[in-house]
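Colleague: I'd like to learn how to read the features of this model one at a time. Could you take me through them?

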Amino acid sequence: MTEQLDRATGLLRDVLGPDLLGACLHGSAVLGGLRPASDLDILAITRRSLDTDRRRALLAGLLEISGLTPGVRPLELTVVVHSGIRPWRYPPTADFLYGEWLRAELTAGGPPLPAPLPDLALLLTVARTGGRPLAGQPPARLIDPVPHADLVRASVAGLPELLDDLADDTRNVLLTLARVWATLATGEILPKDAAADWALARLPAEHRPVLEHARELYRTTRYADERWSPALTARVRPHACEVLSRIDRLRAGGEGGPPPASGEPRGGVGGA
């Protein structure tokens, strides 16, 4: 991991130069512990939007550094422009987003362009409170607290798209649903397996097995080795519907639980 992070940090410094205000490692690697399929999540904050040449150079470097082979972890890099997140506004914009799930699309179509990304509200929150600086200023100096209402909005914004992947990315969809439910109920952004623990304590017995399996896969198994029995597969959609009903009840009752007294979510781990 150290060598891969050093290469990624060197790439950011080389491509962005003095426009790189700060970069940090966040997500599971810092706060929850890396799991077999965890990404290395990096946030970079810049003075200005990337031009075409820098986008191409950054993509070319990431395609070499990131991967899914033994000994090489997938990188997820999010670049944001400082003036786009401070002062805060919703939805925030990602100036550049790379992840292994985008590799084929970006290889064929070219580097990513700026686009609104509601999930940034969650990412910035966990980076601000637990990110490990890799270059430049620490994240707490560059990122303002995100209002609780915007954390709720970001948590539910991607649900329709998320559910489209239920059959193909079952583990992550179920764990993300559990985390959305926990965030709305408690104001906390939990690691995926901790969110599963929280949800399992509140689910009826018939809806626990699929989430227990997803949690176990997250803790122990790479994607290539993931298996779902026919019996568990048949329970996946009823489980998802049950969790969605819990989320809908919270939204109908006032958009989730109250924020912590500090105005920021307690605890928190983002990432895979």
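## Reading the features

Colleague: Let's start with the cysteines. How many disulfides does a search of the whole structure find?

Modeller: A disulfide is a pair of cysteine sulfur atoms within 2.5 Å. Searching the whole structure turns up 0 disulfides. Before we go on, keep in mind that this is a predicted model: local features need pLDDT of at least 70, side-chain atom pairs count only at pLDDT 80 or more, and totals for chains, interfaces and linings use all residues. Residues are numbered from 1 along each chain as its sequence is written, and side-chain values use heavy atoms, with hydrogens and water left out.

Colleague: Is Cys24 buried or exposed?

Modeller: Buried means under 20% relative accessible area, exposed means over 50%, and partly exposed lies in between (1.4 Å probe, protein chains only). Cys24 counts as buried because its relative accessibility is 2%. Cys241, at 45%, is partly exposed.

Colleague: Now the backbone. Which peptide bonds are cis here?

Modeller: Most peptide bonds are trans, and most residues other than glycine have a negative phi. In this model, Arg86 and Pro87 are joined by a cis peptide bond with omega of about 5°. Another cis bond runs from Tyr90 to Pro91, with omega near 0°. Pro87 sits in the loop between α4 (82–85) and β4 (93–94), and Pro91 is in the loop between α4 and β4 too. As for the labels, helices (H or I, at least four residues) and strands (E, at least two) are DSSP runs, numbered from the N terminus.

Colleague: How many salt bridges does the search find?

Modeller: A salt bridge is a side-chain nitrogen of Lys or Arg within 4 Å of a carboxyl oxygen of Asp or Glu. The whole structure holds 12 of them. One joins the side chains of Asp19 and Arg54, with 2.7 Å from N to O. This pair links distant parts of the chain, 35 residues apart: Asp19 is in the loop between α1 (2–16) and β1 (20–26), and Arg54 is in helix α3 (residues 52–65).

Colleague: Why do Asp19 and Arg54 count as buried?

Modeller: Asp19 is buried because its relative accessible area is 9%. Arg54 is buried because its value is 19%.

Colleague: Which residues are linked in a network of salt bridges?

Modeller: The network links Asp193, Asp197, Arg215 and Arg219.

Colleague: And where is negative charge gathered in a surface patch?

Modeller: Lys and Arg count as positive and Asp and Glu as negative, while His and the chain ends are not counted. The patch of negative charge is formed by Asp119, Glu161, Asp164, Asp165 and Asp168. Patch residues have over 30% relative accessible area and no salt bridge; like charges are joined within 9 Å, nonpolar side chains (Val, Leu, Ile, Met, Phe, Trp, Tyr) within 5 Å. Asp165 is in the loop between α9 (159–164) and α10 (170–186) and is partly exposed at 37%. Leu166 lies in that loop between α9 and α10, yet it is buried at 2%.

Colleague: How far apart are Leu166 and Val236?

Modeller: They are 70 residues apart in sequence and 8.3 Å apart in space, C-alpha to C-alpha. Val156 and Val180 are 24 residues apart in sequence and 7.0 Å apart in space by the C-alpha to C-alpha distance. Val156 is in helix α8 and counts as buried at 11%.

Colleague: Last one: why is helix α6 largely enclosed by the rest of the structure?

Modeller: Of the 11 residues of α6 (residues 120–130), 9 are buried, so the helix is largely enclosed by the rest of the structure. The buried ones include Leu120, Leu124 and Gly130.

Conventions. Areas by Shrake-Rupley, 256 points an atom, 1.4 Å probe, with all protein chains shown as cover. Charge placed at Lys NZ, Arg CZ, Asp CG, Glu CD.
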